[in-house]
Amino acid sequence: MSECIFCKIVDGQIPAAKLIETEKVISFLDINPVNPGHALVAPKRHVSSLLDLRQDELHVLMFVAKRVAAAVIRATGSPAFNILQNDGEAAGQIIDHVHFHVIPRDSEDGFRLGWRHLKYAEGQIEQLQQAIQQNL
Ligand code: 5GP
Ligand code: ZN
């Protein structure tokens, strides 16, 4: 039996405040929200990384994330939202079952992502442009 918490939610073995369920995707409220109404959207199939999702799963996942985001902002009255996905431990992924976070936001909510703005060294941006293009 899977030890994955999200697989257990999909199977109904542990409770969750479910929002919507389709054949391939489930959405439920995060138990420890950044803001009230913070929702998670996950494929039902256990996949760790976004890179391992099939295209059909990815399509439905993004479609449901958009639908949930629209409902969350309507329900909470929030003027904005973030859709985030932590892929890998170094990126902050704790639950090893891929999921999008849909987080209602307000300019006064006190949550900051801590974005930074580095500068490229001479020639570095072109080098990376090429390296990434060669891997597409
Ligand atoms: P990650 O860091 O992996 O992107 O986010 C995992 C999220 O899952 C966290 O925001 C955490 O609060 C949420 N979470 C962890 N365990 C449970 C659970 O048992 N139920 C629900 N609904 N959310 C959970
Ligand atoms: Zn799982």
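His97 is buried (under 20% relative accessible area, with over 50% counting as exposed and anything in between as partly exposed, using a 1.4 Å probe and protein chains only), and its own relative accessible area is 0%. This is a predicted model, where local features need pLDDT of at least 70, side-chain atom pairs count only at pLDDT 80 or more, and totals for chains, interfaces and linings use all residues. Residues are numbered from 1 along each chain as its sequence is written, chains are lettered from A and ligands numbered from 1 in written order, and side-chain values use heavy atoms, leaving out hydrogens and water.

**Zinc site**
- Cys4 (SG), Cys7 (SG), His46 (ND1) and His97 (ND1) hold the zinc ion (ligand 2) at 2.0 to 2.3 Å; donors here are N, O and S atoms within 2.8 Å of the metal (3.2 Å for Na, K and Ca).
- The site is tetrahedral, with angles of 105 to 118° among its four donor atoms; the label asks for all angles between 85 and 135 degrees.
- Cys4 sits in the segment before helix H1 (5-11) and His97 in the loop between strands E4 (80-84) and E5, 93 residues apart; helices (H or I, at least four residues) and strands (E, at least two) are DSSP runs, numbered from the N terminus.
- Cys4 counts as buried too, at 11% relative accessibility.

**Nonpolar cores**
- The largest nonpolar core has 14 residues, and Val41, Leu61, Val68 and Val102 have the most contacts inside it; a core joins buried Ala, Val, Leu, Ile, Met, Phe, Trp, Tyr and Cys residues through side-chain atoms within 4.5 Å.
- Helix H2 gives the most to this core, with six residues.

Methods: Four donors count as tetrahedral if all angles lie between 85 and 135 degrees; four count as square planar and six as octahedral if opposite donors are over 155 degrees apart and all others between 65 and 115; anything else is irregular.
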